[in-house]
Amino acid sequence: MYKTSIRGPLVLGDKTFGQISSDIITPIDSKLPAWWKVAFLISLIAAAWGVWAMYITVRYGIGTWNVNNSVGWGWEIINFVWWIGIGHAGTAFSIFLLILRQRWRTSINRAAEAMTVFAVGCAAIYPAIHMGRVWLAFFIIPYPNTRGPLWVNFNSPLFWDFIAISAYLLISASFWYFGMVPDFATIRDRATSKIKKAVYGFFAFGWTGSSKQWLKYEALSFVLGGIAAVLVVSVHSIVSTDFASSVIPGWHATLFPPYFVVGAIFSGFAMVMTLMIIIRKLYKFHDYVTDSHLNAIAKILIFISLIMGTAYATEVFMAWYSGNPYEMFTFFHNRITGDYTFHFWAMVVCNAIIPQLFWFKKIRRNLTWAFIISLIINLGMWYERFNIIVTSLSKDYLPSSWTTYHPTWVEIGIYVGTLGIFTAGVLLFFKYIPMIAISEVKGVLKYGKENRNHSH
Amino acid sequence: MKKYWKSLEERKQEPGKARAGQEHEVLAKQEIIDFLEKGGDQIRPGRRDFLKFCGFGVATAAVVSSCKNPVNKAIPYLVKPEDVNPGESEYYATSFFDGRDLGNLVVKVRDGRPVKIEGNDKCPVMQGGTTARLQASLYSLYDQATRLKAARINGKDCSMDDLDRDITARLEQAAAQGKKTALLTATIISPGILAAIESLKTRHPGLYHITYDALSFSGIRLAHKVAFGQDGIPSCHFDKAKVIVGVNCDFLGNWLSPVEYSRQYATARRMSGNKPEMALHYQVESCLSLTGSNADVRIPLKPSEEGGFLKALYNYLLTEYGNPADHSHRINPAEIGEALLRHRGQSLVVSGSNSPEIQILVAGINHLLGNYGSTLTFGDQLLTGRGDDAAVGKLLRDIESGDTTGLILYQVNPVYDHFEGERFLTALKKLNFSLSSSPYSNETTAGCSHLCPDDHYLEAWGDHHPKENLYSLAQPLIPRLFNTRSFLESLLKWSGDTSDAQAFIRSHWEKHCYPRQERFQSFESFWVNSLQEGVFTLPAAEPTFSLSEETMARAGSNIPADGKGYEVALYESIGLGDGRQTNNPWLLELPDPVSKVCWDNYAALSPATAKALNVTQGDLLKIGDKLVLPVLLQPGQAASTVGIALGFGRTEAGKAGSGVGKNAWPLVSLTGDCFSYSLDNVMLAKEAGTHVFAQTQMHHSMEGRPIIRETTLDAYSKDPAAGNEMHEKIEKHHVTLYPEQEFPVHHWGMAIDFNACTGCSSCVVGCQAENNIPVIGKEEVGKKRLMHWIRVDRYYSGDEENPEVLFQPLMCQHCDHAPCENVCPVAATTHSNEGLNQMAYNRCIGTKYCINNCPYKVRRFNWFRYNDNPEFAFGTENALGKMLLNPDVTVRERGVVEKCSLCVQRIQEGKLKAKKEGRLLKDGEITPACAQACPSKAIVFGDLNDPESEVSKLFRNPRNYYLLEELHTLPSVGYLTKVSHRAGNTEDQHSH
């Protein structure tokens, strides 16, 4: 029933199960390549800058940033939303494609899920670091206390945010981890060094591959998948309520929840594409991450890009149609024209126009182009968050408090730092975790080929 | 232990040679089994464990004990003073005069230290109002770095006795040599000090007294002397005027007695009762002043055109009176003249010029209109502004010629604020001795050989006689902080009088004031009453006088022709005035009400003039041959003129004030016997470089939004809700999904009348002092992080070269549907059952979401630790400066959000007081700091639950509306539409 005649085989080359295992585990067993070391060093340097910037922030105060009396949120929330968006890919891949019975996800979901965990982890740094008194961050947890008891404000979107993100991080990490258990067992079984055996053995959780275990494993996957499916939609919807439930022109829009979820999946898929092209290139996984995989992602990106374009147009239309002068000003005089023209048009061009190039098969199939466009989409999504957050705050109701906003090196540092942490995490993932779900790929080995054999 | 085996294989195995993979399992099992078998109590700590625990214990003790808790000194009274109740505030009346600003004050004293200055509402002139500078005058009391702490001779600290001996010897030595000693002071209005000077002069015949006011009002005084034989400055009564014409006269900001005039002006402009009537205000001026911003009609003119214009106006009036005279001028005086003629005896023309000729013309105009005796009176004439502008020049010549060998200075700083300051500094070196009695170090004290530190005014006894019929007393509110002595006591000492200041003033009042009144039968009751009330008033008797045609003609012929080229107009800024308080960070950080720039002075150019000079904002402009100032584009600055604020560019002001801006005093010149504060034919040239301003408002248009609603008097008389049609429409749509909030006891509200508010910003400093609001410095203000809880927004409309200006004081609106409240994740900001939007600082974690979601942008974030931080050394970093803090208000930590609380501490104090006395709160009993500081009483606070309270009445006024009411935030602050005579101000207001 999952047989795919249009897409062709999901795994190329005549692989045996043993070949698949060794192909995928090779990077774990082999020595670290030079590029890996260089990339890891750069990531660590970036992360160190980030740690320095975070230290400065906590030591001296949010004053080391350039946020001000009018623009209370700047790069930190832009990047928070950006990372959360990227963090949508893994779960979205695993869940939605599972629901849609798209078995081609098997080669990609592991990397996507890893990316999710690192991205959500990076995102989680921001809500904490942007607090004026981060050492009291635990106030946001609704725990019984002797202060009354004093509860949190259950009406606040930031509280919803906290719940949504922690739940999402927990579920994504669990989902990712449990998906890896059989693969860890594979590595354990093949490992020669004692340490490796012990470590992977620990993480393999005593997996033997018995039918009983597989049965439980499947059941758990379904349960976690079911929860995660809801969270994929809820987490960015809730992030969007940070804005949608406010009174600020440009924020106060009912469009936001779907717009944010779609935007998140957009950036997530783009990031998956970036990552898969890198993995494919560096680890020569052409047989597993096939052209047709990337082709499928590109097609999805076209579709989402159209939704993004529609959302942007809807926002502008609603600003005009509502007759609300404040909304009108924000959209027509502070985005389409005005101080932030560049950011607005960068968003439109990067997200709604450039991805349309994927309509051309030549571009879709050209990995260089696909790689560049995937990066452009993530840049565009960054601009989208900049647009929403900074332009709306910089010029809201009373012109007396209008201002502009530019980041300081500390704010840039935190961003670069999270990029460093993310890439370092991804590099470690390359090295220590099977990048492709071995057990799942084995399950789809026959698809396509079997079909073709029959037709001949 | 018994060994169990599963297989033979296992049994055969030697222990420790377990199959790979089993080893750790076996070991783990072994441990558990061991534990179970032996039981917990059999495991005794061995020697190693003992050492481990010991080491841990020592390390913990060391770490914990090294976390030092800060030591706070709180020393209780051994014997409680009678009047001091810990935790309770006492209020004492006192008065202030620093040679420039005048104030009758009530000072809040907590635990023996003054913490807040307020206006004295017992004073019939000030009526409880203050200016920003008066509010800020408290700061200098605790200014650790700048206050002089001990007497000093030639740079060496000494005792007061040593100083007295040295000075007396030098005075006597000078007298023996036939040399003179000069006493140079600012205008002295203290009868006590004047009497002491007289006795010092008797003791030392070589001593002579000269008066010097850097910002001089000698022109107007001389004019009245020449014109009417009255050597004084008449009191103005703007409240009695139906037409007000100001010519380069910032009477709401800096001219003569601004607190008094602001109140009068508000009375003249307020819509009271159902009388649709208000004074018509014309302002003809060079710089867009606070007063000009409030005018109905504002006409820009160059400083040199002032005389010509007033002459034309005078001649126009003459013509209308039947004596045809030439009244042609670039600015046609007909419209103003006609308006004045319609209200003879009920009009007022004032000029800020210091030229006696021009002031004679003004006196002539007022005389023609019959304003003397009604809007201008001499019975209560002002006794300030007694300076002799030529005196310093003469003194310099005397010093240089060696005639004068000694100099005593009081309340003057000529090295800084005289245009020959450098020459003065050189001259100081020539003197046998130069003594300055000043509470603070400044440019002149730096050049003096002797320093006799004066008390701060809050530490000393004093008396003032600011108006012919008004006396006030000053009393010490804190023991001397340093080894200082009031100038009065120094004078007494040097003249051999042994009485202290209190006894001297008391006896002086007994001799001179007590006999002039009839209310009190004993001097004791008179004295106690005057001390309690702070002031003592007498009925004013109006003298009669006439004006000769000949004088007028002579004055008219002395008016110079209009100047050529670029002109410079010097003015005092609202914050700093003449520069006496330039080390005051509150004032430095007070945005100029019009330009919204703080921490700087600048060359104000109109956009067209700047274009002609090819400069833009921030470019450097060389003015004349010395001064280089950054350009500020100031709409409304008269074409081809440059406006420059005085009071900046101090070099010895102190940590905060030194080096802020540039000193413009050297541009002042002496014309005839009077200082002239303008220049013509000035060379202006662009210099390389740019300058960044700390401007708190970057956007100057309301963008057609109904933020400040205004209307014309005509429209208002037809419909009192004119310009406010929106309000009713929005009120009709009032609906809420949630139950209406209930405020069972009180519902606090505030109403702000745009017709009374002049934009003077004294509320801003009042609030800052009351609520411990930190000063953050120029760089941080430039990042748009000003901490003020109340700000005054200023909007321009119309012509860029001569805009109409609107002001809006804005604090937290205490919305009943507050957008900030529902977004806080930790419920740190909540609504009280009295309608207050409150902040629990302890709970705040600083997400800043409330800041973002506040449509009024009145919430402030503590970006850094401002308190107790050497990076923000604006007072609270040192122990003395901390005494400035109001103990009733929490000092906020880094990372929390703060905002206006409607002075909840005052509400609480008022409620407790009423409760203790077993009565209901009276309306008007509680006054927030902003409302208290307001000289025009534009801010009214009260209980909305009481339908008879003043604020309730104002809320029912058809002019009342709420800012951004279309958002349905239901603010507790109402604004009353601005009604003015401005034409066409409704054009783009209500298009939405």
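A nonpolar core is a set of buried Ala, Val, Leu, Ile, Met, Phe, Trp, Tyr and Cys residues joined through C-beta atoms within 7 Å. Buried here means that 20 or more other C-beta atoms lie within 10 Å of a residue's own, while exposed means 12 or fewer and partly exposed lies in between, with C-beta atoms placed from the backbone. With that in hand, the largest nonpolar core of this predicted model has 414 residues, and M115(A), F269(A), V272(A) and A603(B) have the most contacts inside it.

A word on conventions: residues are numbered from 1 along each chain as its sequence is written, and chains are lettered from A and ligands numbered from 1 in the order in which they are written. Because this is a predicted model, local features need pLDDT of at least 70 and side-chain atom pairs count only at pLDDT 80 or more, whereas totals for chains, interfaces and linings use all residues.

**Confidence**

The predictor gives the complex an ipTM of 0.92 and a pTM of 0.90. For chain B the average pLDDT (the predictor's confidence in each residue, from 0 to 100) is 90, and 94% of the residues score at least 70. Do treat residues 985-992 of chain B separately: their pLDDT is below 50, and the stretch has 15 contacts in the model beyond near neighbours in sequence.

**Chain A**

Chain A has 17 helices and 0 strands, where helices (H or I, at least four residues) and strands (E, at least two) are DSSP runs numbered from the N terminus. Its radius of gyration is 23 Å, close to the 23 Å that the globule rule gives for 456 residues, so chain A is as compact as a globular protein of that length. The radius is taken over C-alpha atoms, and the rule is 2.2 Å times the number of residues to the power 0.38. Along the principal axes, the C-alpha atoms of chain A fill a box of roughly 70 × 55 × 40 Å. Of its 456 residues, 50% count as buried.

Two residues are in contact if their C-beta atoms, placed from the backbone, lie within 7 Å. Among chain A contacts between residues at least 6 apart in sequence, 83% join residues at least 24 apart. Not counting residues up to four places away, M115(A) touches I86(A), A89(A), G90(A), M271(A), V272(A), L275(A) and V426(A).

**Two contact surfaces**

Between the chains, 40 residues of chain A are in contact with 44 residues of chain B. On the chain A side, α6 (157-190) and α11 (325-333) each supply at least two residues.

Within chain B, the domain bounds come from an automatic or database domain assignment; domain 3 (226-379) and domain 5 (710-980) are among those listed. Their C-alpha centres lie 35 Å apart, and the contact takes 18 residues from each of these two domains. On the domain 3 side, α8 (258-269), α9 (290-294) and β11 (297-300) of chain B give two or more residues.

**A residue in chain B**

L491(B) is found in helix α16 (residues 487-494) of chain B. L491(B) counts as buried because it has 26 C-beta neighbours inside 10 Å. Leaving aside neighbours within four places in sequence, L491(B) is in contact with I193(B), A196(B), I197(B) and L200(B).
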